[in-house]
Amino acid sequence: MNYIDFWSKGRFELSRVLLTLFLVFLAYFVGSLFLSIDLAINHPNFTGLSDGSWKELSLLMGKNRLFIWMLLPFTLVFFTLLICLTKIHKLPLLAVFTSRKSFDWKRFFIAFTWWSFMVVAFTGIELLLHKNFHLVFNAQKFFTLFLLSIILLPLQTSSEELIFRGYILQGIKSRTGSILTSIFVSGFMFGMMHISNPEIAKIGYHILIYYIIVGVVLGAIVYYDSGLELSLGFHAANNLITVLLITADWQAFQTDAIIVDSNPPGNGILPMLLALSMLFAFFLLLNKKYNWKVFNKKEGLRE
């Protein structure tokens with residue numbers, strides 16, 4: 001049985017699904033309150049988030065403190081969803097992540113390593129194309145960021161994978177019976193989740209196309225590989241390496257990264273096309289390594 005059909009292994013009556021969705025939203029809401037409470041107690045004159053205010057907010061309360069508050073909601077969502085899937089929906093813990101007899105850490109680290117190299121290469125190309133990059137490496141600050149990142153970011157990315165490539169992908173497949181519908185709808189929902197990111201407002205809403213395509217490609221990877229290991233590795237590498245490597249004033253994550261990008265965001269078309277090219281190359285490499293036969297008419301993507 002393919003991983004995306006695993007709703008049949010548990011109990012997913014409408015009442016249980018609604019309870020899980022309520023608890024996940026509640027966990028995110030509670031996690032989000034900590035930033036608001038911190039601001040209300042320690043910085044009551046802060047007027048609210050607007051253009052450029054993420055930078056202002058990081059200077060006000062400190063980059064690491066802001067970083068923790070921004071990732072805390074996802075941490076609560078991750079553990080809440082795990083509890084819901086195992087206790088409310090009665091899924092075995094292993095079935096939450098994979099169809100294999102054990103979680104394949106080798107797959108996870110292959111995806112993590114490959115995409116990490118691609119992200120570093122992408123950043124190197126951007127450094128060659130633009131001039132306003134500054135090396136601001138501070139060993140003490142970077143080490144603190146590194147420790148926080150390796151603890152919190154995998155929880156953030158895993159929560160998104162469990163929601164979009166697990167719960168939603170499987171749920172839509174269960175209700176519609178269509179592989180294509182489940183992959184494209186879950187991918188669209190994943191992309192639209194990023195609509196409130198400050199990068200979107202700065203660059204333009206057309207960048208949502210990139211996030212949607214990423215969601216669709218990761219959904220296809222989960223279907224072909226019948227597990228979350230590769231998508232978890234990809235997502236962890238993407239966010240972890242990006243946060244540690246480069247930061248910019250117009251991004252939500254204001255961190256003590258190695259490089260500061262002082263370039264204006266621009267329209268993002270060229271970087272988006274380059275990133276999509278790397279994404280498809282990543283998919284083709286996985287297809288070849290794991291012999292998915294994606295382009296085989298009999299064994300490719302089917303309804």
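Predicted model: local features only at pLDDT ≥ 70, side-chain atom pairs only at ≥ 80, totals over all residues.
1. The lining of the largest cavity consists, by class, of 8 nonpolar and 2 polar residues, with no charged residues.

2. The volume of the largest cavity is about 60 Å³. The count of cavities of 30 Å³ or more comes to 1. Rolling a probe the size of a water molecule over the atoms shows where empty space is left.

3. Helix H4 (93–97) and helix H6 (139–176) each supply at least two residues of the lining of the largest cavity. H6 gives the largest share, 4 residues.

4. Glutamate 161 and arginine 165 are 4 residues apart in helix H6, so about one helical turn separates them. Glutamate 161 and arginine 165 are both buried.

5. Over the whole structure, a search finds 10 salt bridges. Side chains of opposite charge can pair when their charged atoms come close. Some of the pairs belong to a network of salt bridges that links Arg100, Asp104, Arg107, Asp225 and Glu229.

6. Within that group, the side chains of glutamate 229 and arginine 100 form a salt bridge of 2.8 Å, N to O. Glutamate 229 belongs to helix H10, while arginine 100 sits in the loop between H4 and helix H5 (105–129), so the pair ties together parts that are 129 residues apart in sequence. Glutamate 229 has a relative accessible area of 0% and is therefore buried.

7. A further salt bridge, also listed at 2.8 Å from N to O, joins the side chains of aspartate 225 and arginine 107. Here too distant parts of the chain are linked: aspartate 225 is in helix H9 (residues 208–225) and arginine 107 in helix H5, 118 residues apart. Aspartate 225 and arginine 107 are both buried.

8. Helix H10, which holds glutamate 229, covers residues 229–245 and has 17 residues. From its first C-alpha to its last, H10 reaches 24 Å, close to the 24 Å expected at 1.5 Å a residue. Of the 17 residues of H10, 15 are buried, so this helix is largely enclosed by the rest of the structure.

9. Helix H1 can be checked for length in a similar way. With 29 residues at 1.5 Å a residue, H1 should span 42 Å, and its end C-alpha atoms are 43 Å apart, which agrees. The buried residues of H1 are Arg16, Val17, Thr20, Val24, Ala27, Gly31, Leu35, Asp38 and Leu39.

10. Histidine 43 is found in the loop between helix H1 (14–42) and helix H2 (53–61). Is this residue buried or exposed? Its relative accessible area is 17%, and because buried means under 20%, histidine 43 counts as buried. Leaving aside residues up to four places away in sequence, histidine 43 touches Asp38, Leu60, Met61 and Arg65. One of these, Asp38, is also among the buried residues of H1.

Methods: Residues numbered from 1 in each chain as written. Heavy atoms only, no water. Expected span 1.5 Å × (residues − 1). Buried < 20%, exposed > 50% of the residue type's maximum accessible area, 1.4 Å probe, protein only. 1 Å grid on protein atoms, 1.4 Å probe; cavity = no way out; pocket = protein on both sides within 12 Å on 5 of 7 lines; lining within 4 Å. Points joined across faces, edges and corners; volume = space filled by probe spheres on them. Nonpolar A, V, L, I, M, F, W, Y, C, P; charged D, E, K, R; others polar. Salt bridge = Lys/Arg side-chain N within 4 Å of Asp/Glu carboxyl O. Contact = heavy atoms within 4.5 Å.
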